[in-house]
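Keep the structure open as you read.

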Amino acid sequence: MMRKNKSGEVLETLFKTTHQLHRLFENNLSKYETPVVLTGPRLRLLVTVLEAGEIRMSDIALKLGIQPRTVTQFVDALEKEKYLIRMPDPVDRRATLLKVADHAINDINQARASMSLAAEETLKNISQEDQEQILNILKLIGNIEDIN
């Protein structure tokens, strides 16, 4: 019988836990009136655009650490739902700027509040001290450089 090394066991447990947390979070989130189109990753993108005021699509990819094609997919969907507005970049005609539509701000704020409540519900059995320790460990893991 082959034994797992600790690193492999840590990653396997992290992947399983992430999947379970995501399902539990989504179940908790469904209790609130959040527009279905505002999934976690899409909301993260919208918040990034909202905080920037206007931002290039390429800068979103860098800031969020995701592929440009993924940004394009999110932007296409959010533009279709009238959450985002694409504008030509006056400085670089090859680039596109994004801005959150004014009428979308209330939905975004509601979704953020709902996600905070769902997160609290999801982690209610974990002490603040343990949450802080988990957060610190995840930040350490997240600082590993991308080798792609």
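Which side chain meets Glu 51 in a salt bridge? The partner is Arg 112, at 3.7 Å from N to O. A salt bridge here is a side-chain nitrogen of Lys or Arg within 4 Å of a carboxyl oxygen of Asp or Glu. The pair links distant parts of the chain: Arg 112 belongs to helix H5 (residues 105–122), Glu 51 to helix H2 (residues 40–52), and 61 residues separate them. Helices (H or I, at least four residues) and strands (E, at least two) are DSSP runs, numbered from the N terminus.

Some ground rules. The model is predicted, so local features need pLDDT of at least 70 and side-chain atom pairs count only at pLDDT 80 or more, while totals for chains, interfaces and linings use all residues. Residues are numbered from 1 along each chain as its sequence is written, and side-chain values use heavy atoms, with hydrogens and water left out.

Back to the pair. Arg 112 is partly exposed, at 35% relative accessible area. Glu 51 counts as exposed, at 61%. The cut-offs for relative accessible area are under 20% for buried, over 50% for exposed, and in between for partly exposed (1.4 Å probe, protein chains only).

Two packed helices are described by the angle between their axes and the distance between the axes. H2 and H5 pack at about 125°, with axes 11 Å apart. Axes are lines fitted to C-alpha atoms, for helices over the stretch in contact, and angles run from 0 to 180 degrees between N-to-C directions. H2 and H5 are therefore oblique to each other. The classes are these: under 35 degrees is roughly parallel, over 145 roughly antiparallel, 65 to 115 roughly perpendicular, and the rest oblique. The H2–H5 crossing is left-handed. A crossing is left-handed if the near helix is turned anticlockwise from the far one by less than a right angle, and right-handed if clockwise. On the H2 side, the contact is made by Gly 40, Leu 43, Leu 46, Val 47, Leu 50 and Glu 51. On the H5 side, it is made by Ile 105, Ile 108, Ala 111, Arg 112 and Met 115. Contact means heavy atoms within 4.5 Å.

Now turn to helix H3 (residues 57–64). Which of its residues are buried? They are Met 57, Ile 60, Ala 61 and Leu 64. These residues cover an arc of only 100° around the axis, which puts them on the same side of H3. The arc is that of the directions from the helix axis to the C-beta atoms. An α-helix has 3.6 residues a turn, so residues three or four places apart point the same way. The face of H3 turned away from the buried side carries exposed Leu 62 and Lys 63. The cover over the buried residues of H3 includes H2, strand E1 (55–56), H4, E2 and strand E3 (96–100). After H3 comes Gly 65, with a positive phi near 70°.

H4 is part of that cover. The axes of H3 and H4 come within 9 Å and cross at roughly 115°. H3 and H4 are therefore roughly perpendicular to each other. The crossing is right-handed. Met 57, Ile 60 and Ala 61 of H3 make the contact with Pro 68, Val 71, Thr 72 and Val 75 of H4.

H4 also takes part in a charged pair. Asp 76 and Arg 86 meet in a salt bridge at 2.2 Å, N to O. Asp 76 lies in helix H4 (residues 68–80) and Arg 86 in strand E2 (residues 84–88), so the pair ties together parts that are ten residues apart in sequence. Asp 76 is partly exposed at 39%, and Arg 86 is partly exposed at 28%. Asp 76, Glu 79 and Arg 86 are linked in a network of salt bridges. Over the whole structure, a search finds eight salt bridges.

What lies in the loop between H4 and E2? Lys 82 is there. Its phi is near 65°, a positive value in a residue other than glycine. Most residues other than glycine have a negative phi. Lys 82 counts as exposed, at 55% relative accessibility.
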